[in-house]
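Visitor: Please show me the chain, and then take me through what can be computed from its atoms.

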Amino acid sequence: MNTLVIAPLQPADLSDWLPLVQAYKAFYNTPTSEAEYQQAWARLLAGQGLHGLGARVQGQLVGITHYLFHGSTWAPRVCYLQDLYVSEAHRGQGTAAALIEAVAQAAREGGAQRLYWLTQTDNLRARRLYDRVAEYRGFIRYDHPMPG
């Protein structure tokens, strides 16, 4: 039986995390340098506001999610699920839903009034899941270019 285990990312997970996050960044066509991956990993493990969870099957990391808490004008604490990725071989088996639920549990425990995330409009496979577990409210995201 392939039992799914969701747990916080640990320092020893780097070699399994890296191919998953690289595939995630490639999916979204977001060029990322080796230094940026290393900086992200260090921030995830630092315990200073960024959180990472891994989904494991038989000890192998097959999915990841990263999330953070922040304040907003209308709520003192909300949770943003920033990244979510499951390996191709493990999609359609409930892994992404389990990762989302684990973040939702952390958001509840952390006192967040809202949990939200973004995806591209053409990410149809993921959106089928998101439409089952969350409410689409019609927002469109814009990114203003910033120096650096």
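**Fold, burial and ring pairs**

Visitor: What share of the 148 residues in the protein chain is buried?
Guide: This is a predicted model, in which local features need pLDDT of at least 70, side-chain atom pairs count only at pLDDT 80 or more, and totals for chains, interfaces and linings use all residues. Residues are numbered from 1 along each chain as its sequence is written, and side-chain values use heavy atoms, with hydrogens and water left out. Buried means under 20% relative accessible area, exposed over 50%, and partly exposed in between, with a 1.4 Å probe and protein chains only. By that count, the buried share of the 148 residues is 34%.

Visitor: Which pattern does the protein chain follow along the sequence?
Guide: Helices (H or I, at least four residues) and strands (E, at least two) are DSSP runs, numbered from the N terminus. The protein chain has four helices and five strands. Read along the sequence, they give β-α-α-β-β-β-α-β-α.

Visitor: What is the radius of gyration of the protein chain?
Guide: This radius is taken over C-alpha atoms, and the globule rule is 2.2 Å times the number of residues to the power 0.38. For 148 residues the rule gives 15 Å, and the chain comes close to that, so it is as compact as a globular protein of that length. The radius of gyration of the chain is 15 Å.

Visitor: Where is Asn29 found?
Guide: Asn29 has a phi near 50 degrees, a positive value in a residue other than glycine. With 66% relative accessibility, Asn29 counts as exposed. Its place is the loop between helix H1 (14–27) and helix H2 (34–46).

Visitor: How many residues apart in sequence are the parts that Tyr80 and Tyr116 tie together?
Guide: Rings of Phe, Tyr and Trp (its six-membered ring) pair if their centres lie within 6.5 Å; planes under 30 degrees apart count as stacked, over 60 as edge-to-face and the rest as tilted. The whole structure holds seven aromatic pairs. Tyr80 and Tyr116 form a stacked one, at 4.9 Å centre to centre with 25 degrees between the planes. Tyr80 lies in strand S4 (residues 78–86) and Tyr116 in strand S5 (residues 115–116), so the parts tied together are apart by 36 residues.

Visitor: Is Tyr80 buried or exposed?
Guide: The relative accessibility of Tyr80 is 12%. Tyr80 therefore counts as buried.
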